[in-house]
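Please keep the model open while working through the numbered points.

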Amino acid sequence: MKANRIRLFAILICLMALTLAACATATPDPTGLPPAPTPIPPGRISGRIEYQAPPAPASSLYVVSILDPSQWFVYDLPASDPLSFDVEVPAGMYQLYAHQSTGGPMVAAYLNPDDTLGALNVGPGEVVSDILLKFAAPQNPCQKTALPASPDGHFPALDATCTQ
């Protein structure tokens, strides 16, 4: 009889240990939502815009994502000498170009050495500074720099053509 009590007591201890082990497992979040993602800090781009001669007219600066062209930003900059900018953007790769706000023909852009439209990469929390947007249009008699239409439809695309 005493042996049966010891066995019963041992079985009860094992059952209690198993119950405690089952309770120690991770419990699901009662909301059923995944954990919130860690926010990605934005980056910054700063620099200046140079047209043919100072002072630079009021301009619309376009910052357009290469990977997702539906992600774009426009900044209205007042006429200034020098015409500088400092903008905050999500991390990504961007093309930058500026149009004379009054609808005039002058355009400046961040260009590659061969005068094609360039791109810059901005990492999370990174500051990309001293960016120069150079005069890119109109280039008479030959427009050697092709530029896309502004994403808001205010300015048409410029084709690289020669009228000679």
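1. Two residues are said to be in contact when heavy atoms of theirs lie within 4.5 Å. Leaving aside its neighbours within four places in sequence, S46 touches F85, D86, V128, S129, D130 and I131. S46 belongs to strand β1, which covers residues 43-49. Strands here are DSSP runs (E, at least two residues), as helices are (H or I, at least four), and they are numbered from the N terminus.

2. The model is predicted: local features need a pLDDT of at least 70 and side-chain atom pairs a pLDDT of 80 or more, while totals for chains, interfaces and linings use all residues. Residues are numbered from 1 along each chain as its sequence is written, and side-chain values use heavy atoms, with hydrogens and water left out.

3. Is S46 buried or exposed? A residue is buried under 20% relative accessible area, exposed over 50% and partly exposed in between (1.4 Å probe, protein chains only). S46 has 17% relative accessibility and therefore counts as buried.

4. Strand β2 (59-65) deserves a careful look. Seven of its seven residues are buried, so β2 is largely enclosed by the rest of the structure. In a regular strand, side chains alternate between the two faces of the sheet. Both faces of β2 are covered: S59, L61, V63 and S65 are buried on one side, and S60, Y62 and V64 on the other.

5. Which strands pair with β2? Pairing requires that DSSP find at least two bridges between two strands. β2 runs antiparallel to β3 and is joined to it by six bridges; V64, for instance, has W72 of β3 as its bridge partner. Six residues separate β2 and β3, which form a hairpin. β2 is also antiparallel to β5 (residues 92-100), with seven bridges between them, and here S60 is partnered by H99.

6. The loop between β2 and β3 (72-77) contains I66. With a relative accessible area of 34%, I66 is partly exposed. Together with L67 and M93, I66 makes a nonpolar surface patch of about 290 Å². Such a patch consists of residues with over 30% relative accessible area and no salt bridge; nonpolar side chains (Val, Leu, Ile, Met, Phe, Trp, Tyr) are joined within 5 Å, and like charges within 9 Å. Accessible areas come from the Shrake-Rupley method with a 1.4 Å probe, and for residues only the protein chains shown count as cover.

7. How many salt bridges does the structure hold? The term denotes a side-chain nitrogen of Lys or Arg within 4 Å of a carboxyl oxygen of Asp or Glu. There are four salt bridges. One of them joins R44 to D86, with the closest N and O atoms 3.2 Å apart. R44 is in β1 and D86 in β4 (residues 83-89), so this pair ties together parts that are 42 residues apart in sequence. R44 is partly exposed at 27% relative accessibility, and D86 is partly exposed at 47%. R44, D86 and E88 are linked in a salt-bridge network.

8. D115 and K144 meet in another salt bridge, at 3.5 Å from N to O. D115 lies in the loop between β6 (107-109) and β7 (120-122), and K144 in the loop between β9 (142-143) and β10 (161-162), so the pair ties together parts that are 29 residues apart in sequence. K144 counts as exposed, at 53% relative accessibility.
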